[in-house]
Amino acid sequence: MSSFRLIKQVDMSGANIVDVNNIFSDDFDIYRVVVSDWNTDGTGGTTYYMRLLNSAGTMQINAQYEYAHRRTNSANTTISDAGQFDQTSWENPFLSAYPVPDTSSGIVDFFYPFDNDKDTIILYDTCSTNNSTVFSRTGGGRYTAPSYNSFTGFRLFPHSTSQNNTITSGQISVYGYRNA
């Protein structure tokens, strides 16, 4: 059996909030989540945040999320550097989703999300286009808690209710790296 295996694919079309659950298990330590061809309706971009889900499908909303990233644009200038700790979610690991013809795609790697003896670590690398400008974000984060949790999935949700656009296209593919 291959050491890199497709676990699940999710079509995001027609959704506003996307739950991808029952993907993390003791079968794998490392997971790759690929989001491709992500678009929304409306006139502006929608910023999506990410939270971990436990086996009951409940979001972990306590202030244990940390992240740091750098975003640049196609003019090769740094738009922002950000680093936050004690947050209630990971901010925008896939950048913002925009209406067609613009698009957003990205990769997030999860390390040890099911292992309740370790912090959950993420690394992300994403790209989006908006009005002929290309944006790129590279960063990472972790979920750290005094009592560790075993997570089985994640939720993507709009940053605010004012960004209530519907996803018109996009696919999430989740892969697992086989444990040694």
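Trainee: Which residues does Trp90 touch, not counting residues up to four places away in sequence?

Mentor: Happy to start there, and keep in mind that this is a predicted model. Trp90 is listed with those that have the most contacts inside the largest nonpolar core. Leaving out residues up to four places away in sequence, Trp90 touches Tyr49, Met50, Leu52, Tyr65, Glu66, Tyr67, Phe110, Thr120, Ile122, Gly141, Arg142 and Tyr143.

Trainee: How is the aromatic pair of Phe4 and Tyr177 arranged?

Mentor: This is one of eight aromatic pairs. Phe4 sits in strand S1 and Tyr177 in strand S12, 173 residues apart. Their ring centres are 4.8 Å apart with 45° between the planes, and the pair is tilted.

Trainee: Is Phe4 buried, partly exposed or exposed?

Mentor: Buried means under 20% relative accessible area, and exposed means over 50%. Phe4 has 34% relative accessibility, so this residue counts as partly exposed. For Phe4, then, the answer is partly exposed.

Trainee: Which residue lies over the face of Tyr112?

Mentor: Look for a charge over a ring here. At 4.0 Å from the ring centre of Tyr112, you will find Lys118.

Terms used. Residues numbered from 1 in each chain as written. Predicted model: local features only at pLDDT ≥ 70, side-chain atom pairs only at ≥ 80, totals over all residues. Heavy atoms only, no water. Core = buried A, V, L, I, M, F, W, Y, C linked by side-chain atoms within 4.5 Å. Buried < 20%, exposed > 50% of the residue type's maximum accessible area, 1.4 Å probe, protein only. Contact = heavy atoms within 4.5 Å. Phe/Tyr/Trp six-rings, centres within 6.5 Å; stacked < 30°, edge-to-face > 60°. Helix = DSSP H or I, 4+ residues; strand = E, 2+ residues; numbered from the N terminus. Lys NZ or Arg CZ within 6 Å of the ring centre and 35° of its normal.
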